[in-house]
Amino acid sequence: MAAYINIENISFKYLQKQQINIFEDISFNVNKSEIFYLLGPNGTGKSTMLKCLSGILHIQKGHITLEGKNINSFKHADLAKKIAYVPQSHTSVFPFLVREIVVMGRSPHISSFSSPKKADIDAAEEAMNTVGVSHIADRPCSNTSGGEWQLVLIARALAQNPEIMLLDEPTSHLDLGNQIKILNVIHNLAAKGLTIITATHFPDHAFIKSNKVAILKDRHLLDIGVSEQVISEQNMKKAYGVDVKIIHIENGIDRKLCVPVLTNSISA
Amino acid sequence: MIKALKSVSNILKNINTAAIKTHSIQIQIILFLLLISVVIISLMLGRMDIHPFTVIKILFSEILPIEKIWSSRIESVVIDVRFPRVMAALLIGAGLSVSGASFQGIFRNPLVSPDILGVASGAGFGAAIAILFFDNIVTIQIFSFAFGLLAVGLTYSISRVYSAVPVLMLVLSGIIVGALFSAMTSLTKYVADPMDKMPAIVFWLLGSLNNITNKNLLFVSPFFIVCMGTIYLIRWRINILSMGDEDAKTLGVNIERLKGIIIICATIITAASVSLSGIIGWVGLVIPHLGRLLVGSDNKILIPVTMLVGSSYLIIVDIIARTAIASEIPIGIITAIFGAPIFAYLLRKNQIGR
């Protein structure tokens, strides 16, 4: 019995002539309906790995299978019906309305020579409701805040009606309120049966529920497993080169937190 | 013109965006009626003014049995002289505008025009050497069309790396190919007979709808109709391409194939336009922005609106070109004189470049 998503010995580099791979010989599994956090310092290839999983980039070695089927053997539209990808925030060149952006998620369900029909517009409405952006549906996307835009992109991915959603640092450069809003949306989607794989810079987010975490460091996985075990003081030191204390908060929160220990030179 | 634009944009500011959606059908109907009236006005006006009812009767007499109470000379002016010219303006205006709108979408740049891949420079060079060596209208048109396609083919092959065609490479290759063909056109002008051939080349490049007959219109219009029809059918996908390659890929779009189809269609339209009329600039750049001002950015509505606005616009410009002064003004000059200030206005109003 193959795992839901099986990643086996994958390696990737951007150009053939490059000596060193971005990452090499990485293997892991992702189970259905779990939230999988990918941690690691800047530039280790978290985004690159998500792009390989989504089919934007192609790995040179190894293979990625979805329910036993190699993702390279899917047609473009068929893969997009299974896997949706939420990019790191970028803006649209043209000031499309939010609803026009979200309905683009219906693209894999619409034939090349046709436009969105009533059913597609309804599906987009539903996605906007789920994510909570219906109230800005008629606003040009150039007039949305960072948090709203990230939610719009999640709604667009949801409109694809996928089984798996890949998110590339969805909470980076968002304020605290918007970070929590996004995390709530992600947890709700997972509760509905979606499999979530997300790259993040916030180890604390992985503690919110018992999630699976992998740390990517120097082309390899430093560790992989449940958040309580993987996000340890030793692993954080190895991954980010800073001393941290993992503390447990009581007072009705009942959750672990990852707190950096500041050296004297900084705190002084 | 500017005043009219200002009032239109003021009206639109007062309607909220949701209302624009429901109004988009009405806008299309209004633009369609505008197009029909512009066509009839254009058939009326000229060296000899003809009554509008006579124009309409003459048009219908081609397909219906109507008693001819007008002279055959008037009929000839309407059907043989003015009709092909108006139809050419309609097709070229719609074609250049729709090519511009789709190029702006796939190149993700609102400042792109249909000439970006060098098609106009190539077609211009083809026409110039045909004038130099053959000086026969059919040969000029065939050469112009062929060199337009050749130029874009060259651009495409220069920019192709590892079976992908990055947008930046495509645009830079377009500049290279455009510069090369412009230089060769200059060379052709330089060696041409300054009394006879050189002015012919210069006037041809400035653009005119004077040489169009029903016969060559019949030959060229299928190219326009098939290519515009194809872009019309895939118009919604241009939205997705305008979000960038990575997004489009994860949304299940075969980006290389889709871009290829759009580039081929837009190139054939532009090459066919240049081969009919010479180089008519600014239409493909400005009209899509006028369309966006009316109905927003969604290509599902923008593409048909752009076609309607573009065709009416070029017919109006052509009326001015042939009636403003005793002799005809090259149409490319007028589209530039109108286009530049309209574009400046739109830039400041909409902050397009933002």
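User: How much area do chain A and chain B bury between them?

Analyst: Ground rules to begin with: this is a predicted model, where local features need pLDDT of at least 70, side-chain atom pairs count only at pLDDT 80 or more, and totals for chains, interfaces and linings use all residues. Residues are numbered from 1 along each chain as its sequence is written, chains are lettered from A and ligands numbered from 1 in the order in which they are written, and side-chain values use heavy atoms, with hydrogens and water left out. Buried area here is the accessible area (1.4 Å probe) that two parts lose on being put together, summed over both. Of the area between chain A and chain B, 59% is on carbon and sulfur atoms, and the total is about 3,100 Å².

User: Which residue of chain A forms a salt bridge with B:Glu246?

Analyst: A salt bridge is a side-chain nitrogen of Lys or Arg within 4 Å of a carboxyl oxygen of Asp or Glu. That rule finds 2 salt bridges across the interface of chain A and chain B. In the one with B:Glu246, the closest N and O atoms are 3.2 Å apart, and the partner is A:Lys51.

User: How many residues apart are A:Glu24 and A:Arg219?

Analyst: These two form a salt bridge, with the closest N and O atoms 3.9 Å apart. Helices (H or I, at least four residues) and strands (E, at least two) are DSSP runs, numbered from the N terminus. A:Glu24 is in strand β2 (residues 23–30) of chain A and A:Arg219 in the loop between β9 (212–217) and β10 (220–226), so the pair links distant parts of the chain, 195 residues apart.

User: Is B:Glu75 buried or exposed?

Analyst: Buried means under 20% relative accessible area, exposed over 50%, and partly exposed in between (1.4 Å probe, protein chains only). B:Lys68, its salt-bridge partner at 3.4 Å between the closest N and O atoms, counts as partly exposed at 49%. B:Glu75 has a relative accessible area of 14%, so it is buried.

User: What accessible area does the nonpolar patch with B:Phe32 have together?

Analyst: Patches are made of residues with over 30% relative accessible area and no salt bridge, joining like charges within 9 Å and nonpolar side chains (Val, Leu, Ile, Met, Phe, Trp, Tyr) within 5 Å. B:Phe32, in helix α2 (residues 17–44) of chain B, is partly exposed at 44% relative accessibility. Together with B:Ile25, B:Ile29, B:Leu33 and B:Ile36, B:Phe32 forms a surface patch of about 490 Å².

User: How far apart in space are B:Ile30 and B:Leu308?

Analyst: B:Ile30 is also in helix α2 of chain B, and it is exposed, with a relative accessible area of 56%. B:Ile30 and B:Leu308 are 278 residues apart in sequence, yet C-alpha to C-alpha the distance is 9.8 Å.

Key: Areas by Shrake-Rupley, 256 points an atom, 1.4 Å probe, with all protein chains shown as cover.
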